[in-house]
Amino acid sequence: MSTATLEAIKYVRGDLKILDQLLIPVLTSEDAFKAIAEMKVRGAPAIAIVAALCLAVEANEMLKKGENASAEEIAKLFSEKLDYLSLSRPTAVNLFIMVDDFKKKIKAALENTNCNGSFILQLIIDEAENLMNEDIEENHKISHFGADHILDLYSGDKELRVLTHCNTGALATMKYGTALGVIRALHGHNVLTHAYCTETRPYNQGARLTAFELVYEKIPATLIVDSAVSYLMSTKKIHCVVVGADRVCNNGDTANKVGTYQIAIAAKFHNIPFFVAAPSKSIDLNTSDGSKIKIEQRHENEITMNSHSNKRIVVDGVGVWNPGFDVTPATLITGIITELGVISTKNENNEFDVQHFLTSN
Ligand code: MRU
């Protein structure tokens, strides 16, 4: 395995850069908003981390300049920034969980009589850096829980073939990745014969990013078009599917990159276990089921324009529907791999009780 790990986010206190072929400096919340909305950084954990770290960069700048605003003024300013950043993309819940969490911590700090402006600024820096470090730890745990679970399922089988969709690796997280982390861990156990990744139309996260990460990690890999999934399953032995998540509901319904749902249906038809791998920060206990998730609609140009020539390749006058995500019902999901373990017990409706799992782990 390669020793250097790919990193999409580079942060040392006061300095944040994200990978977009060139490292883009992110100095303000406006820079971060633009980078997230334009998908220069993408993937549920990376979106939340970049939003938090840009606030840390701004807070650090204010501390360096000897900012002497009151705690209340700083709290108001950063609450507004958090609200603004929460408008950058709608589906991945990690961003909203981070925003709520930061607001609660700021509010709690204000109740402390010794709290001044600098205290709030330092709190923002510390919380953002914690979020970044936690993500690395969580990905490690997800990777190992997931790999162990799949190994148990296929005990003795040393020739596993796994399919994934979209990009959930080091380029979508702080390091290692979630679903792709599980694939890396299986490879580390020397039991992975092959990883298949979908192209992931229309933004091509699979073709552009996952294929790159798999080759970088020297994992034997093959790229397929999204519409080849069922045929792949019927002609090659695929042991399981592992995908990431943008939002897991209380019953286990999961929003992830568009195309995930049809892969889950194909997996069910072919009797292939279908796993979602995500940190608990992608779990939205306030949303009971997938019908209530806001699905981002992307611009029609992603489908109608050739991204190389920038020329329209579709006849004028046709309607375009371009949801960025879809919802896979819990009934099609075999297990949800988190940093706390694998949620695999189902209720009488063939759904999960995610809250029960979280409170008992
Ligand atoms: O639109 P994107 O590229 O942000 O969508 C990303 C996904 O759907 C990922 O599978 C998900 O965010 C998990 S990333 C660890």
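Leu 63 is partly exposed, because 16 other C-beta atoms sit within 10 Å of its own; on this scale 20 or more others within 10 Å makes a residue buried, 12 or fewer makes it exposed, anything in between is partly exposed, and the C-beta atoms are placed from the backbone. Keep in mind that this is a predicted model: local features need pLDDT of at least 70, side-chain atom pairs count only at pLDDT 80 or more, and totals for chains, interfaces and linings use all residues. Numbering starts from 1 along each chain as its sequence is written.

**Leu 63 and its surroundings**

- Leu 63 lies in helix α2; helices here are DSSP runs of H or I with at least four residues, strands are runs of E with at least two, and both are numbered from the N terminus.
- Setting aside neighbours within four places in sequence, Leu 63 is in contact with Ser 118, Leu 121 and Gln 122, where contact means C-beta atoms, placed from the backbone, within 7 Å.
- From Leu 63 to Leu 192 it's 49 Å in space, C-alpha to C-alpha, and 129 residues in sequence.

**The overall picture**

- The protein chain has 11 helices and 14 strands.
- Its radius of gyration is 21 Å, which agrees with the value near 21 Å for a compact globule of 361 residues; the radius is taken over C-alpha atoms, and the globule rule is 2.2 Å times the number of residues to the power 0.38.
- Along the principal axes, the C-alpha atoms fill a box of roughly 65 × 55 × 40 Å.
- Buried residues make up 47% of the 361 in the chain.
- Take the contacts with a separation of 6 or more: 77% of them are between residues 24 or more positions apart.

**The nonpolar core**

- The largest nonpolar core has 110 residues, and Val 50, Ala 51 and Leu 53 have the most contacts inside it. After that, note that α2 gives the most to this core, with 15 residues.
- Such a core is a set of buried Ala, Val, Leu, Ile, Met, Phe, Trp, Tyr and Cys residues joined through C-beta atoms within 7 Å.
- Leaving out residues up to four places away in sequence, Val 50 touches Ile 9, Ile 18, Val 26, Ala 32, Ala 35, Ile 36 and Val 41.

**Around the ligand**

- There are 17 residues around the ligand, and Arg 42, Gly 43, Ala 44, Gly 244 and Lys 257 come nearest; a residue gets in if its C-beta atom, placed from the backbone, lies within 6 Å.
- Helix α2 (44–64) and strand β9 (254–257) each supply at least two residues of this shell.
- By type, the shell splits into 6 nonpolar, 8 polar and 3 charged residues. Ala, Val, Leu, Ile, Met, Phe, Trp, Tyr, Cys and Pro count as nonpolar, Asp, Glu, Lys and Arg as charged, and the others, Gly among them, as polar.

**Asp 246**

- The unreviewed UniProt entry puts an "active site" annotation on Asp 246; UniProt positions follow the numbering used here, feature names are shortened, and annotations may be inferred rather than shown by experiment.
- Asp 246 sits in the loop between β7 (240–243) and β8 (247–249).
- It counts as buried, with 30 C-beta neighbours inside 10 Å.
- Beyond residues up to four places away in sequence, Asp 246 touches Ala 44, Thr 91, Ala 92, Val 93, Ala 255, Asn 256, Ser 282 and Phe 325.

**Helix α6**

- In α6 (residues 179–188), 9 of the 10 residues are buried, so the helix is largely enclosed by the rest of the structure.
- The buried ones are Ala 179, Leu 180, Gly 181, Val 182, Ile 183, Arg 184, Ala 185, Leu 186 and His 187.
- Asn 190 follows α6 and has a positive phi, near 60°.

- Most residues other than glycine have a negative phi, and most peptide bonds are trans.
- The peptide bond from Arg 201 to Pro 202 is cis, with omega near 0°, and Pro 202 lies in the loop between β5 (192–198) and α7 (205–216).
- Asn 271 has a positive phi near 60°; it lies in the loop between α9 (260–269) and β10 (274–277) and counts as exposed, with 7 C-beta neighbours inside 10 Å.
- Asn 350 also isn't a glycine, yet its phi is positive at about 65°. Asn 350 belongs to the loop between β14 (341–343) and α11 (354–359) and is partly exposed, with 13 C-beta neighbours inside 10 Å.

Key
Two residues are in contact if their C-beta atoms, placed from the backbone, lie within 7 Å.
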